[in-house]
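Okay, everyone, thanks for coming.

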Amino acid sequence: MMMERLAYRINKAGSINNLKLSSENLPEPTKNEVKVQIKAIGLNFADIFAIQGLYSATPKGSFIPGLEYSGIIVKKGSEVNEFEIGDRIMGAIRFGAYANYLNINKNYIQKLPSDWSFEEGAAFIVQSLTAYYSLIELGNIKAQSTVLIHSAAGGVGIYANRIAKRFNAYTIGTVGTEKKIHLLKKERYDDVIVRGDDFSEKLKKRLVNRDLDIVLECIGGKIFAESFKQMSAGGRIIVYGAAQFSTGNSSPNYLKVLTKYLTRPKVDPLSLSDKNKSVMGFNLIYLWDKVELMKKYLNNILEMNLEKPLIGEVYEFKDLLSAIKKFQTGQTVGKVVIRVGE
């Protein structure tokens, strides 16, 4: 038996304007799936890169973007015993969240904490997992480490700081505008840098008598190069994003993207042993195929009892394209969330 749902589907990647809201049929959940009535959707830069065809994990042909959501279970398969109809959940999906209903395997959902809103649930999984995996699994963070976090006012940056503070780390956050300084101070960052042409000098001043142990990097270009240069021996730079390739337009400027790609900083592998530094990369999609590991990390994060996700702006489902365009400007803080239905 099919049901009708609404979904934002893109038939050909390349432009945000190709994303169209349409009605389509959704089958019954299989034996290990649940059907979720989506209540909120979290936006991620990976969504934009997929829509614009700049993300290697983008599905071929027609697809529905979106990696995370929250909602209510309205139906379940015969072998789903861990959840009940009516449960409030949050989940991750390998694309497909830009809809008002979806079917998803039971392994990719988590019960929503009782005192969390649906908006908070849709703002948690991708950001917290990225921050946790980068700092703890790859960064090997230790007590009183010094951590440099780029895009510090975004969802990942905020959770990275909260996790780092559990290790009494000294955190330096970087942002693109002075308007975000107040938020970072409220989030207990120890220092803040507004990125600009003087980034190198600003970072040097912050690191006087201090080793830079870990860098969470998502900006690229000169920011990556200078962060790597000033990192101490034994330091690790973890690349979790590529904001340098976002042009802020509905369609990518392929000439600019190609120029940035060809002129991106290069690291000679032989020099890493000389400098005793590490460069690591992380893509959350990798964890999709390692579901038990993903569930373990997510449970570890929940056990840390961190503060609730910070919601920056909330848009209605009908305004999803406007939300994406605002989000890609880099002017938002925290998480941009789409509210679905009442």
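Tyr-8 and Phe-317 are both buried, buried meaning under 20% relative accessible area, with exposed being over 50% and partly exposed in between, for a 1.4 Å probe and protein chains only. Before I go on: this is a predicted model, where local features need pLDDT of at least 70 and side-chain atom pairs count only at pLDDT 80 or more, while totals for chains, interfaces and linings use all residues. Residues are numbered from 1 along each chain as its sequence is written, and side-chain values use heavy atoms, with hydrogens and water left out.

Back to the rings. Searching the whole structure turns up eleven aromatic pairs; rings of Phe, Tyr and Trp (its six-membered ring) pair if their centres lie within 6.5 Å, and planes under 30 degrees apart are stacked, over 60 edge-to-face, and the rest tilted. Tyr-8 and Phe-317 make one that is edge-to-face, at 5.1 Å centre to centre with 80° between the planes. This pair links distant parts of the chain, 309 residues apart: Tyr-8 sits in strand β1 (residues 3-10), and Phe-317 in the loop between β14 (311-316) and α12 (320-327). Those labels come from DSSP runs numbered from the N terminus, helices being H or I of at least four residues and strands E of at least two.

And what about Phe-224 and Phe-228? They form a stacked pair, 6.3 Å centre to centre and 5° between the planes. Both are in helix α7, four residues apart, so about one turn of the helix. Phe-224 and Phe-228 are buried too.

Now the sheet. Which order do the six strands take? It's β10-β9-β8-β11-β12-β13, an open sheet with parallel pairing; two strands pair if DSSP finds at least two bridges between them. At the edges are β10 (191-194) and β13 (278-281), each pairing on one side only. From one strand to the next the twist averages 15°. Zooming in, β8 (residues 146-149) and β9 (residues 170-175) pair in the parallel sense over four bridges, and Ile-149 stands opposite Gly-173 in β9.

For angles, axes are lines fitted to C-alpha atoms, for helices over the stretch in contact, and we count from 0 to 180 degrees between N-to-C directions.

Next, two helices. The axes of α3 (residues 125-138) and α11 (residues 291-303) come within 10 Å and cross at roughly 95°. That makes α3 roughly perpendicular to α11, a label for 65 to 115 degrees; under 35 is roughly parallel, over 145 roughly antiparallel, and the rest oblique. The contact, meaning heavy atoms within 4.5 Å, includes Tyr-132 and Tyr-133 of α3 and Tyr-297 of α11. Ring pairs also link Tyr-132, Tyr-133, Phe-282 and Tyr-297 into a cluster.

Last stop, two loop residues. Is Ser-145 buried or exposed? Ser-145 counts as buried because its relative accessibility is 6%. You'll find Ser-145 in the loop between α3 and β8, and, leaving aside neighbours within four places in sequence, Ser-145 is in contact with Ala-169, Tyr-170 and Asp-213.

Asp-87 is in the loop between β4 (68-76) and β5 (88-92), and at 17% relative accessibility Asp-87 also counts as buried. Apart from neighbours within four places in sequence, Asp-87 is in contact with Gly-71, Ile-72, Ile-73 and Lys-111.
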